[in-house]
Amino acid sequence: MRDFFFAPLAGCAPYQELRQAAKAGRLVTAFGMADAQKAHLAAALCRDLNRPLLFVTSNEGQAARCFDDLTQFLGGGVYLLTSREVALYHAAATSRDIVNRRVETLHRAASGEARAVVASVESLQHRLMPKAGFMSLIQKLEVGKTADPQAVARALSRAGYGRVDRVDAKGQFALRGGILDVFPPDAPGALRVEWFDDEVDSIRFFETSTQRSRENLKSCVLPPAEELLVSDDEQADFAANSLLRALDEALTRRGHTVSAVSDDDDLWDELPALDEVSGGARLELRPGSGDDKLASRIHRHIDALRAGGTFPNMEAFVHLLYRDTETVVDWLADPLIVLDEPDKLQNACENRQLAFTEAFKGALERGEALPAQAALLLR
């Protein structure tokens with residue numbers, strides 16, 4: 001349908017040489033192109049090699065422009081992975097729209113539906129939960145198939161959906177007897193699922209404002225509503241134990257011991273020493289100050305994890321909550337990776353890391369961060 005965009009490249013010898021090199025898995029460097037030409041070349045390679053594309057830019061504005069260009073060239077299947085805000089202690093004010101768009105992009109990448117993902121290098125510095133855990137929380141309902149409404153509701157809660165009396169926004173669900181209303185983060189509208197006994201009787205879109213049905217469906221896929229979740233009880237125990245260990249280490253360095261925690265993982269050997277990231281910041285325990293508040297906050301997070309739930313600002317502890325973390329590269333199947341101006345990408349990474357380190361030092365001195373949070377961002 002959009003072949004006219006790529007027809008001129010069929011007889012272009014430099015492009016054919018580049019395509020063969022990329023097909024062979026070699027590192028290729030191309031020079032002398034404007035931004036739209038870069039997107040055009042990347043779209044052509046994505047199309048000709050039939051591989052998902054990951055296009056990495058130096059900033060969010062450039063990522064948005066590249067997203068628009070790739071959408072023009074490829075049509076559908078192009079997604080933008082926006083960066084998320086990270087606050088070491090207090091929950092960052094992140095809009096629900098950003099959360100929904102990130103979840104949609106990650107879901108499409110993991111399921112193989114994304115032809116291309118555009119991301120700033122800053123967004124790639126954020127760790128993700130393992131793809132397998134995210135995928136295990138996806139539910140599919142089909143008309144005529146059996147499913148327990150209560151079990152579906154429990155699974156939705158674990159997948160980050162909020163239970164409400166009436167659904168009016170993405171990431172919410174309501175269950176009333178044999179009727180489930182749910183608004184997935186990547187859906188064009190809310191869904192109403194009705195049961196007859198234990199069998200799914202109907203699935204349809206409905207308007208949240210008027211409650212009127214719009215379209216009948218044969219099936220629906222319900223992805224998680226959040227990108228960082230506790231996928232099962234074993235993972236919840238690991239995450240809770242890991243946070244407790246981090247708190248224990250922090251307060252021990254300040255003169256207190258919280259509790260004994262098992263040593264069944266190697267995470268702590270991999271974290272940088274406090275002196276390496278604090279610049280020699282002197283930490284003093286001041287009773288009734290930040291230490292008590294920090295311990296209280298962390299214990300509330302631990303209680304939420306052990307209850308199978310989540311807590312605000314989980315992204316500030318993501319590397320402590322999972323045995324292994326991943327990036328969107330791991331979520332795409334054999335992606336073709338395009339790095340737009342690598343020198344700018346490196347500078348952006350270094351500047352982001354410097355800003356984070358300064359914020360971390362201040363939070364650490366105020367007793368608002370754990371030493372283990374030094375390794376939060378990927379370098």
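Helices H2 and H3 cross in a right-handed way. This is a predicted model, so keep that in mind throughout. H2 covers residues 35–49, and H3 covers residues 60–74. How are two packed helices described? By the angle between their axes and the distance between the axes. For H2 and H3, the angle is about 50 degrees, and the axes are 9 Å apart. That angle makes H2 oblique to H3.

Which residues make the contact between H2 and H3? From H2, take Asp 35, Ala 36, Ala 39, His 40, Ala 43 and Cys 46. From H3, take Gln 62, Asp 69, Leu 70, Phe 73 and Leu 74. Sort the residues of this H2–H3 contact by type, and you get seven nonpolar, two polar and two charged.

H2 also packs against H1, residues 13–23. Here the axes come within 11 Å and cross at roughly 55 degrees. H1 and H2 are therefore oblique to each other. The crossing of H1 and H2 is right-handed. On the H1 side we have Tyr 15, Leu 18, Arg 19, Ala 22 and Lys 23. They meet Leu 41, Ala 44, Leu 45, Asp 48 and Leu 49 of H2. The H1–H2 contact divides into seven nonpolar, no polar and three charged residues.

Now follow H2 to its end. A loop runs between H2 and strand E1, residues 53–57, and Asn 50 sits in that loop. Most residues other than glycine have a negative phi. Asn 50 is not a glycine, yet its phi is positive, about 55 degrees. Is Asn 50 buried or exposed? At 70% relative accessibility, Asn 50 counts as exposed.

Gln 211 is another non-glycine with a positive phi, about 70 degrees. Find Gln 211 in the loop between strand E9, residues 199–206, and strand E10, residues 213–217. Its relative accessibility is 25%, so Gln 211 counts as partly exposed.

Next, the inside. How many residues are in the largest nonpolar core? It has 80. Leu 141, Leu 180, Leu 243, Phe 317, Leu 321 and Val 328 have the most contacts inside it. Helix H8, residues 233–253, gives the largest share of this core, with nine residues. Apart from that core lies another, of 25 residues, and Leu 9, Leu 41, Cys 66 and Ala 116 are among them.

Let's zoom in on Leu 243. Leaving out residues up to four places away in sequence, Leu 243 touches Ile 298, His 301, Ile 302, Leu 305, Phe 311, Phe 317, Leu 320 and Leu 321. Pick out His 301 from that list. His 301 lies in helix H11, residues 290–306. With a relative accessible area of 5%, His 301 is buried. Under that sequence cut-off of four places, His 301 touches Leu 243, Phe 311, Pro 312 and Phe 317.

One more pair. Asp 97 belongs to helix H4, residues 96–111. Asp 97 is partly exposed, at 45% relative accessibility. How far apart are Asp 97 and Lys 170 in sequence, and in space? In sequence, 73 residues; in space, 8.8 Å from C-alpha to C-alpha.

Finally, step back. The protein has 14 helices and twelve strands. Of its 379 residues, 50% are buried. Take the contacts with a separation of 6 or more: 68% of them join residues 24 or more positions apart.

Methods: Residues numbered from 1 in each chain as written. Predicted model: local features only at pLDDT ≥ 70, side-chain atom pairs only at ≥ 80, totals over all residues. Heavy atoms only, no water. Axes fitted to C-alpha atoms, helices over the stretch in contact; angles between N-to-C directions. Helix = DSSP H or I, 4+ residues; strand = E, 2+ residues; numbered from the N terminus. Parallel < 35°, antiparallel > 145°, perpendicular 65-115°, else oblique. Left-handed = near helix turned anticlockwise from the far one by under 90°. Contact = heavy atoms within 4.5 Å. Nonpolar A, V, L, I, M, F, W, Y, C, P; charged D, E, K, R; others polar. Core = buried A, V, L, I, M, F, W, Y, C linked by side-chain atoms within 4.5 Å. Buried < 20%, exposed > 50% of the residue type's maximum accessible area, 1.4 Å probe, protein only.
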